[in-house]
Every structure is written in C-alpha cells, then in structure tokens.
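Hi everyone, and thanks for making time this morning. Please have a look at the structure on the screen, and I'll walk you through it.

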Amino acid sequence: MQWIVHGERILYDSAWVRLTLVDVEVPGGARFDHHVVRSPRHAAGTVITDPDRGVLLLWRHRFITQTWGWEVPAGAIDEGETPLEAAEREALEETGWRPGPLTHLTSYHPNNGQADVIFNLFRAEGATYEGAPTDPSESERVEWVPWPLVREHITGGRITDGLSLTALLYVLATA
C-alpha cells in the first residue's frame, strides 16, 4: 500500500539539511505527522582498489558519533555535478590520488524511513598519485589497506560508516 501525503511544512532549513513535518495517512489506518529529513545534496563515494595494494581508505574522526574509523573517500555532490564527477573530485581532494575509470556500483537510500538522501557508490581500479590531499582536515591519514585487513576492520568494528560499509561489502559480494 502507498501512504497518502496530505501536505508538508518546513520546520528548519539550511544549505546542509531541511527538517520537515509531513502530514501522512496510512490507507485504512491513521493519519499523523511524520518528521522527514530532506537533503539538498546527495552523496557519492568510491572504492578505489589496486591488485597489489588493496583499498585506498581514510582514517578519520567523526565528531557527531565521537568515533574513529576507516572510510572510503566520499562527499556531497555539488550543484551542476554528476554523481560520477563528485566521486572523482572527492577521491582526489581527500586522498591526493586520482582514481582510474569509475564504474557505478549502486545508488541507494541509506535511511528511507526518515530521510531522502541518496548515496551513489562507484569503484575505481587503480589510481595515480598527484600529491597531498587538498583538504587535509578530511582525515588523519590515507592508506592503502590490503583486502584481508579490510575484512578484519569490517568484522572488528573499525569500519562503521554506512556508506563505506555498503560500498566495501558490495565490492566483496560481487567479486
């Protein structure tokens, strides 16, 4: 069954996030207000692999969750940019490595019960080093991590970011 939307009003709005209250009705059921997070920009991320080195990852701290972890390079899609262009740009900015040709893996809604953001995932085989990351605030360090260690990081709770987990597990599942 498809829920009926009767209206929506903005509670908070910024360049990064919009919180709305949506008046919805379940067919044959209740009518109620549902909080929804609207994202003005979606995101793109890339799993960059190399047969000899493994996967290019960033070690970073996330202040919102007060956690450290390994992540794939990713970020918001700028206005006028395609998801692929954003994935290439973010990889270079965050790592200093220009990814090889990108292949689209999947696009998905990571929290479709509350938010409309879309994550677009790509894979690049190989990368060319161009210099230090242009945004050093993105991570404490950037490293090539061998696949066996990536698996250990996943099962050991050192990769907890949803976009990164989904991207890496997608590559592992389709290998």
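Let me start with a question: how many aromatic pairs does a search of the whole structure find? The answer is six. Here rings of Phe, Tyr and Trp (its six-membered ring) pair if their centres lie within 6.5 Å, and planes under 30 degrees apart count as stacked, over 60 as edge-to-face and the rest as tilted. One of the pairs is tryptophan 59 with tryptophan 68: the ring centres are 6.0 Å apart and the planes sit at 15°, so this pair is stacked.

Before I go on, a word on where this comes from. This is a predicted model, in which local features need pLDDT of at least 70 and side-chain atom pairs count only at pLDDT 80 or more, while totals for chains, interfaces and linings use all residues. Residues are numbered from 1 along each chain as its sequence is written, and side-chain values use heavy atoms, leaving out hydrogens and water.

Now the overall picture. The protein chain has three helices and 12 strands; helices (H or I, at least four residues) and strands (E, at least two) are DSSP runs, numbered from the N terminus. Its C-alpha trace spans about 60 × 30 × 30 Å along the principal axes. Of the 175 residues in the protein chain, 40% are buried. Buried means under 20% relative accessible area, exposed means over 50%, and partly exposed is in between, with a 1.4 Å probe and protein chains only. Among the contacts in the chain with a separation of 6 or more, 56% are between residues 24 or more positions apart, where contact means heavy atoms within 4.5 Å.

Let's go to the start of the chain. Three strands form an open sheet there, in the order S1-S2-S3, with antiparallel pairing. Two strands pair if DSSP finds at least two bridges between them. The edge strands are S1 (4-13) and S3 (31-38), each pairing on one side only. From one strand to the next, the twist averages 25°; the axes behind it are lines fitted to C-alpha atoms, for helices over the stretch in contact, and angles run from 0 to 180 degrees between N-to-C directions. S2 (residues 18-25) pairs with S3 over eight bridges, and leucine 21 stands opposite histidine 35 in S3.

Next, back to those tryptophans. Tryptophan 59 counts as buried, at 14% relative accessibility, whereas tryptophan 68 counts as partly exposed, at 41%. Ring pairs link Trp59, Trp68 and Trp70 into a cluster. Strands S5 (54-62) and S6 (67-71) run antiparallel and are joined by five bridges, with histidine 61 opposite tryptophan 68 in S6.

S5 and S6 form a hairpin with four residues between them. Which residue in the turn has a positive phi? That is glutamine 66, with a phi of about 55°. Most residues other than glycine have a negative phi, and glutamine 66 is not a glycine. Glutamine 66 counts as exposed, at 57% relative accessibility.

Serine 139 also meets this region. You'll find serine 139 in the loop between S11 (127-129) and S12, and at 16% relative accessibility serine 139 counts as buried. Leaving aside residues up to four places away in sequence, serine 139 touches Leu58, Trp59, Arg60 and Glu94.

Two arginines are worth a look as well. The charged end of arginine 41 sits over the ring of tryptophan 16, 4.8 Å from its centre, and arginine 53 lies over the face of tryptophan 144, at 4.5 Å from the ring centre. The rule is that NZ of Lys or CZ of Arg is within 6 Å of the ring centre and within 35 degrees of the ring normal.

My last stop is helix H2 (residues 147-155), whose buried residues are Trp147, Val150, His153 and Ile154. They cover an arc of only 110° around the axis, which puts them on the same side of H2; the arc is that of the directions from the helix axis to the C-beta atoms. On the other side of H2, Pro148 and Thr155 are exposed. The cover over the buried residues includes S4 (43-50), S5, S6, S12 (141-145) and helix H3 (162-173). After H2 comes glycine 157, with a positive phi near 75°.
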